[in-house]
Amino acid sequence: MATARTTTSSGVDEWAAANPRSRALHEEAQRVLPSGITHDVRRFDPFPLTIVRAEGSRKWDADGHELVCYVMGHGSLLFGHSHPPVVEAIREQAGLAFHPGGGHALERAWAEQVVSLVPCAERVRFTSSGTEATMLGLQIARAATGRHRVVKFQGHFHGWHDYVDFGVDPPWDRPSTPGIPPGVAATVTVLPPDLAAVEEALAPGDVAAVILEPAGGASGMIPLPPGFLAGLREATRAAGTLLFFDEVVTGFRWAPGGVQEHQGVTPDLTSLAKILAGGLPGGAICGRADVIDVLAFREPGAAKVSHPGTHNAHPLSAAAGTTTLRLAADGHAQDRASATAAALRDGFNETFARHGIEGMAYGERTMFMLLFGVSGDPLQIDPVRLKGSTYGPLYSPLHCAMLLEGVQLFHGCGLVSAVHTDDDVERTLTAFDRSLSRLQDEGMLG
Ligand code: PMP
């Protein structure tokens with residue numbers, strides 16, 4: 001079996017030549033936006049795409065190419081782009097009020113849906129993003145326990161605030177960004193997903209919360225060992241530490257109640273975003289009433305976690321979110337999307353085998369991850385390799401080849417929606433077949 005080699009690919013130049021408008025728009029954007037982008041993962045070599053319209057499973061770029069989309073609003077679009085009932089709900093609310101400056105009926109309905117769907121949710125507080133949700137959740141955990149330390153895991157992503165920006169990419173033992181005060185860093189411990197290591201870290205009794213992506217790091221790219229969630233549940237309970245699932249990606253995606261429903265392990269706290277707000281900005285922290293209620297106003301002078309936020313439970317996000325959660329509540333959409341993702345994973349693996357290329361597609365439920373140069377049980381593969389495979393020398397050649405065939409991957413991965421069709425699957429697998437041939441012909445894969 002051959003492994004990846006470093007060379008350049010004609011596909012990159014061909015793709016650049018086919019996208020002059022995106023290139024020009026990117027050059028203009030660089031004058032006012034650092035690197036011409038607004039989210040670090042939208043960086044792309046030779047330049048990022050500009051998208052002008054999107055509908056269902058498809059999107060159209062500034063040069064008029066139609067693409068099957070596997071970015072799906074960074075995972076926020078379970079029903080695809082501009083799903084008509086969601087558009088209608090947003091339109092209706094826009095005519096009523098953008099920001100009533102007070103409570104509104106949709107925020108209560110939205111919270112009730114979260115409580116009815118997410119097993120741990122007894123109380124809910126809305127935020128404007130997933131990052132805000134994990135930030136607030138950790139502050140709540142500290143306030144509720146009177147402890148300061150937090151345990152997180154290698155490769156797990158929880159947004160970009162100071163308390164979680166550690167060990168997201170290898171090397172795991174340092175902050176992922178400059179600018180984090182040493183005092184903050186001293187409160188965060190980054191561990192491998194190993195129960196013995198967790199028990200040792202919890203032993204002094206000063207850990208407020210253990211936070212993790214419950215389907216594994218990077219939305220399941222780095223899977224967790226079997227039984228790990230149940231083991232964590234026991235270990236945290238024994239240590240008086242709160243178990244905090246970050247279900248920003250997996251919430252309403254793995255199942256209507258997220259990984260905690262799917263795996264039958266109930267945490268104390270859960271952060272949500274993405275599908276929660278139906279593709280508009282929004283997040284939430286939910287969990288045990290006695291924990292979340294540190295946000296509540298009680299007798300005068302009693303300590304309370306403060307939480308303002310101009311756009312908390314924004315009515316337009318609430319309109320999109322309540323409509324999306326209503327459609328997602330019976331689990332059919334998640335099962336449909338998961339069946340489509342399984343067909344894609346099978347097809348990718350069959351294509352790897354037919355080309356004699358070492359690599360694999362893996363992932364759970366609605367996700368697929370493409371891995372080059374290594375195959376087998378992902379639990380047996382070094383997490384550094386799992387995280388790094390698609391960012392290596394193949395990154396731009398593979399993505400440009402797929403774009404030339406009309407498919408947009410998301411960093412070697414894909415988030416599959418309930419509206420991806422058999423035609424999308426066929427188009428994607430044909431694109432992958434042709435892309436592998438191109439890379440093989442150019443000596444990139446042997
Ligand atoms: N947690 C996880 C698991 C995420 O994947 C993300 C974003 N991709 C976040 C938190 C942060 O959410 P947001 O981008 O809404 O701030």
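Arg-58 and Glu-66 form a salt bridge in which the closest N and O atoms are 2.5 Å apart, a salt bridge being a side-chain nitrogen of Lys or Arg within 4 Å of a carboxyl oxygen of Asp or Glu. The model is predicted, so local features need pLDDT of at least 70 and side-chain atom pairs count only at pLDDT 80 or more, while totals for chains, interfaces and linings use all residues. Residues are numbered from 1 along each chain as its sequence is written, and side-chain values use heavy atoms, with hydrogens and water left out.

Arg-58 counts as buried because its relative accessibility is 12%, whereas Glu-66, at 30%, counts as partly exposed; buried means under 20% relative accessible area, exposed over 50%, and partly exposed in between, with a 1.4 Å probe and protein chains only.

Across the whole structure, a search finds 18 salt bridges, including the following.

| Pair | N to O distance |
|---|---|
| Arg-123 and Asp-293 | 3.1 Å |
| Lys-387 and Asp-169 | 2.9 Å |

Arg-123 belongs to strand S4 (residues 123-127) and Asp-293 to the loop between helix H12 (289-292) and helix H13 (315-328), so this pair ties together parts that are 170 residues apart in sequence; helices (H or I, at least four residues) and strands (E, at least two) are DSSP runs, numbered from the N terminus. With a relative accessibility of 38%, Arg-123 counts as partly exposed.

The pair of Lys-387, in helix H15 (residues 383-388), and Asp-169, in the loop between strand S5 (149-153) and helix H7 (182-185), links distant parts of the chain, 218 residues apart. Lys-387 counts as buried at 8% relative accessibility, and Asp-169 is partly exposed at 42%. Salt bridges that share partners also join Arg-58, Glu-66, Asp-423, Asp-424 and Arg-427 into one network.

Turning to the ligand, the residues around it include Ser-129, Thr-131, Phe-157, His-158, Asp-246 and Lys-274, where near means that a heavy atom of the residue lies within 4 Å. This shell divides into three nonpolar, five polar and three charged residues. An oxygen atom of the ligand lies 2.6 Å from a polar side-chain atom of Thr-131, and a nitrogen atom of the ligand is 2.9 Å from an N or O atom in the side chain of Lys-274. Taken alone the ligand exposes 390 Å², of which the protein buries 82%.

Helix H14 (residues 332-355) has 24 residues, which at 1.5 Å a residue should span 34 Å, and this agrees with the 35 Å between its end C-alpha atoms; the expected span is 1.5 Å times one less than the number of residues. Just after H14, Gly-356 takes a positive phi of about 65 degrees.

Terms used:
Polar contact = N/O pair within 3.5 Å; in protein donor to acceptor, adjacent residues only side chain to side chain. Areas by Shrake-Rupley, 256 points an atom, 1.4 Å probe, with all protein chains shown as cover. Nonpolar A, V, L, I, M, F, W, Y, C, P; charged D, E, K, R; others polar.
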